[in-house]
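This report looks at charged side chains and at how they pair with one another. Please have the sequence and the coordinates open while reading.

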Amino acid sequence: MGQEQDDFGGAKPITPPSYLFGRVVSRIKLEKNLRAERRKTFYAAAIFSLTLAIFSATTLGLGRPLKESGVMDILPFLLTDPLTTLASWDNLILFFLESMPVIPLVLFLAGILSVLYSLKYLAKHGDAVLSLSKSLKAAN
């Protein structure tokens, strides 16, 4: 009841099961994909933080031009007297178009767009990391 011996009297080498190579290769690929997705998630988080900081700066920078343009002075009037607002809607639209600070508003809207876009990629890669981690745990 000892080890099996080959024709020359030595011990027969143990042969691994045929499915083992496939499992090892798939595990290596899974870990490689997980590492790549973690790196992408880190970059997406860094970009999200940066765009959030830039968005905060543009939000703070929007207040002063809005006050100077007079837009903030007319907003309470629009809310307290809606009938007059509806009666002179065309003049109000022209007033807003003429007095809006365009460059700060464009920067503000670009900030919103960049924050949402970077949040999309952060969620995409974060979800990929979670699903790959779950499949890696299930493979054990």
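Does E31 count as buried, exposed or partly exposed, judged by relative accessibility? In this predicted model, E31 has a relative accessibility of 35% and therefore counts as partly exposed.

## The R27 and E31 pair

The side chain of E31 forms a salt bridge with that of R27, at an N to O distance of 2.8 Å. Both residues belong to helix α1, which covers residues 20-69, and they lie four residues apart, or about one turn of the helix. R27 is likewise partly exposed, since its relative accessible area is 29%, a value that lies between the limits of 20% and 50%.

## The E37 and K40 pair

E37 is buried, with a relative accessible area of 14%, whereas K40, at 40% relative accessibility, counts as partly exposed.

## The R64 and E68 pair

The side chains of R64 and E68 meet in a salt bridge with an N to O distance of 3.1 Å. Because they are four residues apart in helix α1, about one turn of the helix separates them. R64 counts as exposed at 62% relative accessibility, and E68 counts as exposed at 59%.

## Count

By the distance rule applied here, the number of salt bridges comes to three.

Technical notes: Residues are numbered from 1 along each chain as its sequence is written. This is a predicted model: local features need pLDDT of at least 70, side-chain atom pairs count only at pLDDT 80 or more; totals for chains, interfaces and linings use all residues. Side-chain values use heavy atoms; hydrogens and water are left out. A salt bridge is a side-chain nitrogen of Lys or Arg within 4 Å of a carboxyl oxygen of Asp or Glu. Helices (H or I, at least four residues) and strands (E, at least two) are DSSP runs, numbered from the N terminus. Buried means under 20% relative accessible area, exposed over 50%, partly exposed in between (1.4 Å probe, protein chains only).
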